[in-house]
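Subject: Structure handover

Hello,

Here is the structure for you to look over. My notes follow below it.

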Amino acid sequence: MNDVDRGARRRFLARIAAAVGALGVAGCDRLSQSEWFPPILDSAEKLNERLAKLVTGRSAMAKEYTAADVSPTFRSNGTARPDNPEYAALAANGFAGYALDVGGLVAAPRRFTLAELRALPSRTQITRHDCVEGWSAIAQWQGARLSALLDVVKPAATAKYVVFHCADPMEEGGQSPYYESIDMDDAYHEQTLLAYALNGQPLPIANGAPIRLRVERQLGYKHAKYVMRLELVESFAHIAGGKGGYWEDQGYQWYAGI
């Protein structure tokens, strides 16, 4: 993608962030219930899709920064500690018993321990996180390349999406666990990581430990935290509200490219 196209996306999203800023610290739930915000995201998605079709931008790299640019702190977007007994037990043991389940439309479904994930080809990158709530922060992330994991499990030709099932329930009583999804273009992108380190340290619980998705050309709600299971699918019809993500089921748009 050229600088003009990238600039058009970021200017549009800057207007969204300015509008969100007027609400102070309103969160994603409050925004999703408003009458005005989902239509703005809808128009943003249409713009992003048009630009993506006009240029060969799906393989473009998100801007990377230097260590001097790293923000003093990185806020916890969304859940800070999942209200989930299974997750709490894993956290209490330093995630020693954690394993990432990978299945669905793959030839070789399997579970990956944290050690096995860390042994996969990795990448370290310093990028900017843009939250739909109106804030941004720059941080260094290290993690396994999602493409390397997919090479191990061998997706079927019919697989169109990777769905990330997470440990954080979004409703009382442990209901509606968070989930997100990306397509195979983003799944194989060089900067798409299953991150296990933030700023050179093990990923904190507030930021998604032990594993979170980093998909650097997407808005913050796409960066699923507390990832427990990956499912490769041909459609979202059988998953929750069928829109490809928790916030998408509430009216947010699935394609959140920046």
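Start at Leu100. Leu100 touches Arg110, Arg111, Phe112, Leu117, Leu149, Leu194, Val227, Met228, Arg229 and Leu230, leaving aside residues up to four places away in sequence. Contact here means heavy atoms within 4.5 Å.

A word on the source. This is a predicted model, in which local features need pLDDT of at least 70 and side-chain atom pairs count only at pLDDT 80 or more, while totals for chains, interfaces and linings use all residues. Residues are numbered from 1 along each chain as its sequence is written, and side-chain values use heavy atoms, with hydrogens and water left out.

Now the core. The largest nonpolar core has 64 residues, and Leu100, Leu117, Leu149, Phe164 and Leu230 touch the most other members. Such a core is a set of buried Ala, Val, Leu, Ile, Met, Phe, Trp, Tyr and Cys residues joined through side-chain atoms within 4.5 Å. Buried means under 20% relative accessible area, exposed over 50%, and partly exposed in between (1.4 Å probe, protein chains only).

Next, α6. This helix spans residues 146–153, and six of its eight residues are buried. They are Leu146, Ser147, Ala148, Leu149, Leu150 and Val153. Just after α6, Lys154 takes a positive phi of about 60°. Helices (H or I, at least four residues) and strands (E, at least two) are DSSP runs, numbered from the N terminus.

Two polar residues deserve a look.

- Gln191 sits in the loop between α7 (184–187) and β7 (193–198). Its relative accessible area is 0%, so Gln191 is buried. A polar atom of its side chain lies 2.7 Å from the backbone nitrogen of Ala62. Gln191 also touches Met61, Glu64, Arg123 and Arg214, among others.
- Glu231 belongs to strand β10 (residues 227–233). Glu231 counts as buried because its relative accessibility is 14%.

Last, the cysteines. The structure holds zero disulfides (pairs of cysteine sulfur atoms within 2.5 Å). Cys131 is buried, at 7% relative accessible area. Cys166 is buried too, with a value of 7%.

Best wishes

Notes
A polar contact is a pair of N or O atoms within 3.5 Å; within protein, one must be able to donate a hydrogen and the other to accept it, and residues adjacent in sequence count only if both atoms are side-chain atoms.
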